[in-house]
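This report covers a helix, the nonpolar cores, the domains and the ligand shell of one model. Please read it alongside the sequence and coordinates.

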Amino acid sequence: MDFDLGIEDESFRREVQEFIAANLLPEDQRGPDFLRTWYDKLSEKRWIGFHWPVEVGGGGGSVIQQFILKEEMSKAEAPELGSDFMGLAWVGPAIIEYGSPAQKEEFLPDLLACRSAWCTGYSEPDSGSDLASISCSAVLEGDEYVINGSKIWTTAAHYARHIFLLVRTDRGEGKRYGGASVLLVPMDSPGIEVRPIPNLVGLHSFNQVFFDEVRVPVERRLGKEGEGWRVVMGALANERSGISESTEKERHLEKLKALARRSNRNGEPALADAGLRRELARYETLISAMRLNGLRALSQQLRGGAASTETTINKLLRGQLEIPMWDLAMGLLGNQAASDGEWQRGSLSFHGTVIGGGSPNIQRNIIGERVLGLPKDRSSGSGR
Ligand SMILES: Cc1cc2nc3c(=O)[nH]c(=O)nc-3n(C[C@H](O)[C@H](O)[C@H](O)COP(=O)(O)OP(=O)(O)OC[C@H]3O[C@@H](n4cnc5c(N)ncnc54)[C@H](O)[C@@H]3O)c2cc1C
């Protein structure tokens, strides 16, 4: 693998670094308008939706430059590249691939200008990993779909303007996968009710959403009827590749090393313990593996491949890292752990990042079946 970037890509990296130095204010100097100004400046440079085609308003950036942009922003701990994470990471790309001209015109400009807020409705009370068993239904009546059922763990539903909704449009025999479609539904449609579900830390990030005779025009369907599974598989690959950034983990490891350097264990500096040093070295190795795996997926994309199922490997690695890293931090803090906000919040929140977008067992099934080509797990479906 060639790790060197071409001259053009190196000069793009410098351009991003200079932009950050000129525009990213230190946190204590940011006023209430900081984020709006930041997004406007990013928009001007077409760095929001940077890799989207120019014809739909994107930046037309190369895969490698998109990688550089995200890496530099993450290193600088800059805000996200746009306000609508789900909209930009998977709803927009799905609309670009499957959307009608009218859908592109209606939704993409708002996404790029940070005026949109999307949420994602896949999981149901009885269907999480096994998405093919969803029962929230949309029945065509004339030129409208009538939606009934419920979705759960819907992040951001309480402020989203639209939901990217996976529904069952056909219950026929053998239609587990073929009977699903995706609808783009306004959250202010009559018949939608959003009920909050506070998480372990007391934060309100996800919800249960109820649909009672909600009517949407047939033009709100994304792709063909019955094509929902294909649309969602592409969207999930984008979700997992977004989740799998290794730069963020490198930052966390640096913070953990700093904590280890200033901590004591049994009256000795904590770093005098060879077991602890070995553990830190193990994290560093896993993070390097994540980075190399990310680069492998990137070179696959450079050769014209799609966002790869190999990014599920990074999602799995991230879960394997997050749990012991936070446990170690809590151990180093000892009695102080209860009052150290940052590490405490992290240790209570990692379950979410490990499960969201698909649980570790499901990632293992995907890696076994779709990456390694092993026989299918017959005891249950392979999951989402
Ligand atoms: C922070 C967070 C945010 C989320 N946001 C959203 C959102 O915005 N929209 C949305 O639709 N959903 C969202 N989810 C839901 C998430 O996608 C599901 O929780 C996840 O897919 C698992 O489904 P489940 O909770 O129903 O668990 P289940 O599917 O019931 O799984 C329970 C356990 O059984 C295991 N299991 C299940 N099937 C198999 C199998 N075939 N082989 C081996 N093991 C298996 C799983 O690994 C898991 O350990 C979010 C979840 C979290 C934690």
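## Helix α8

In α8, the buried residues are Tyr283, Ile287, Met290, Gly294 and Ala297; a residue is buried if 20 or more other C-beta atoms, placed from the backbone, lie within 10 Å of its own. An α-helix has 3.6 residues a turn, so residues three or four places apart point the same way. The model is predicted: local features need pLDDT of at least 70 and side-chain atom pairs count only at pLDDT 80 or more, while totals for chains, interfaces and linings use all residues. Residue numbers start from 1 along each chain as its sequence is written.

Helices (H or I, at least four residues) and strands (E, at least two) are DSSP runs, numbered from the N terminus. After α8 comes Gly304, which has a positive phi near 100°.

## Nonpolar cores

A nonpolar core is a set of buried Ala, Val, Leu, Ile, Met, Phe, Trp, Tyr and Cys residues joined through C-beta atoms within 7 Å. The largest has 54 residues, and Ile48, Leu165, Leu166, Val167, Val182 and Leu183 have the most contacts inside it. Helix α4 (residues 85-98) contributes the most to this core, seven residues. The core lies between domain 1 (7-82) and domain 2 (118-226), because both give residues to it. Apart from this core there is another of 11 residues, including Ala260, Met290, Leu328 and Leu332.

## Domains

Domain bounds come from an automatic or database domain assignment.

| Domain | Residues |
|---|---|
| Domain 1 | 7-82 |
| Domain 2 | 118-226 |
| Domain 3 | 240-371 |

The centres of domain 1 and domain 3, taken over C-alpha atoms, are 25 Å apart. Seven residues from domain 1 and six residues from domain 3 make the contact, where two residues are in contact if their C-beta atoms lie within 7 Å.

## Ligand shell

Around the ligand are 24 residues, the closest being Gly128, Ser129, Gly352, Ser359 and Asn361; a residue counts as near if its C-beta atom lies within 6 Å. β1 (118-121), α10 (341-355) and α11 (360-371) each give two or more residues to this shell. Domain 2 and domain 3 each supply at least three of the shell residues.

Technical notes. Buried ≥ 20, exposed ≤ 12 C-beta atoms within 10 Å, placed from the backbone.
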